[in-house]
Amino acid sequence: MSDTKSPKWYDSVWLGRYFAAQDILRREAPDRLEEFEQAMRVFRCPADYRVKVARGLFDDERLGQVKEIIRSIPRDVYWLDEVQQFGRLVVRDWPQFHALQETLVDVVSEMAGEPVEPSANFLSLYTHRGVCEPHLDAPSAKWTLDLCIDQSEPWPIHFSQIVDWPGPEFDPGEDWREEIKQDPALRFRSEVLMPGDALLFTGPNQWHYRDAISLAGGKPHCDLLFLHFVPVGTTELAQPENWARIFDLPQLGSLGIPPRVRLNRL
Ligand SMILES: [Fe+2]
C-alpha cells in the first residue's frame, strides 16, 4: 500500500496507516469512524504527563546481569539496518530481555499511571556516529522505559511536552528536524541518564531526540535498553494488520505494516 500520506519521521508509518484507516472509514463505513478513533485514544496520554526518571533503578548487580546478557548475544543477531540513520547496532526482542521486562510491569504501571503489559524491546548500542533525530514512536511503544547500561559520556535526550498526534496536513517543511527542535510551543526539556538510571516517556505523544553523541573522551558509545509497554489488553490493537479483524471491518484489511527486514548481518 502507498505511504503517500505518511509523515516522514522514524516510526511514522503507523500514523500513515491510521490516516488511511480514517479515510477508508469516512468513505465506506462513516458510522464506524467514531468507534475506531475512540478505540485508538487508549494510546494517547493526558496532557499533564511528565517524563519520570528512576535514578538507580538497576543497582550494580542487576546492571551486571544485563551486561552479561549482552555479552552472551551472538554477533549475528545484531541488526545493521539502523547504522546509517542512528549510528546504532540493534538487537530486537531478545528473550532474556522479555523476561526482564516482565519483572518491571508493576514499576512501569506505577510510573505510567495505568496498568501496562510488555509489547517489545530492543537493545541499542550507539557508536561514535550515534544520533537520534526528532520523531514520534508508534503506539506499540506507548510507554518506553529507557535504561542506561553504559556510556562514554552523559548523553542528553530531549522531550517535548505531550502533543496531539499530527494530522495528515502537518508539514513542518524541508528543514523539519530543526523546525521541530526549535519550536517554542513544544517546550523541550532535557534529561540525562547515568548507568543504572531509567526514564519513562510516551513516545507516540511527545517528540524526542538526541543530538550527535559527544566525541569527547575515549571510545564514544552509549548502550541503552528500550523496553516498550502498552496499556493492558492493547498489544493487538496497536498493530494495523489486526484492525480488520478486531473491528470486523474487512475494508481495513490492507493496512498491515511489513515486518522489518534484516538487511545485513555482522
Ligand atoms: Fe522513539
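Colleague: Why is aspartate 137 called buried?

Modeller: The model is a predicted one. Its aspartate 137 has a relative accessibility of 11%, and buried means under 20%; therefore aspartate 137 counts as buried.

Colleague: Why does histidine 135 count as buried?

Modeller: The relative accessibility of histidine 135 is 3%. The cut-off is under 20%, so histidine 135 counts as buried.

Colleague: What makes His135, Asp137 and His208 the residues that coordinate the iron ion?

Modeller: A donor is an N, O or S atom within 2.8 Å of the metal. NE2 of His135, OD of Asp137 and NE2 of His208 lie at 2.1 to 2.2 Å, so these atoms count as donors. Along the chain, the donors follow the spacing H-x1-D-x70-H.

Colleague: What lines the largest cavity, and what is its volume?

Modeller: The volume is about 80 Å³. Asp137 also belongs to the lining of this cavity, and Asp11, Ser12, Trp165 and Pro204 are among the other lining residues. By class, the lining has eight nonpolar, one polar and two charged residues. Asp counts as charged, so Asp11 and Asp137 fall in that class.

Colleague: Which elements each supply at least two residues to the lining of the second largest pocket?

Modeller: They are helix H3 (60-72), strand S3 (116-126) and strand S5 (143-151). H3 gives the largest share, three residues. The pocket has a volume of about 330 Å³, and its 14 lining residues include Lys219, His221 and Asp223, which are among those nearest its centre.

How values were computed:
Residues numbered from 1 in each chain as written. Predicted model: local features only at pLDDT ≥ 70, side-chain atom pairs only at ≥ 80, totals over all residues. Heavy atoms only, no water. 1 Å grid on protein atoms, 1.4 Å probe; cavity = no way out; pocket = protein on both sides within 12 Å on 5 of 7 lines; lining within 4 Å. Points joined across faces, edges and corners; volume = space filled by probe spheres on them. Helix = DSSP H or I, 4+ residues; strand = E, 2+ residues; numbered from the N terminus. Donors = N, O, S within 2.8 Å, 3.2 Å for Na, K, Ca; no water. Buried < 20%, exposed > 50% of the residue type's maximum accessible area, 1.4 Å probe, protein only.
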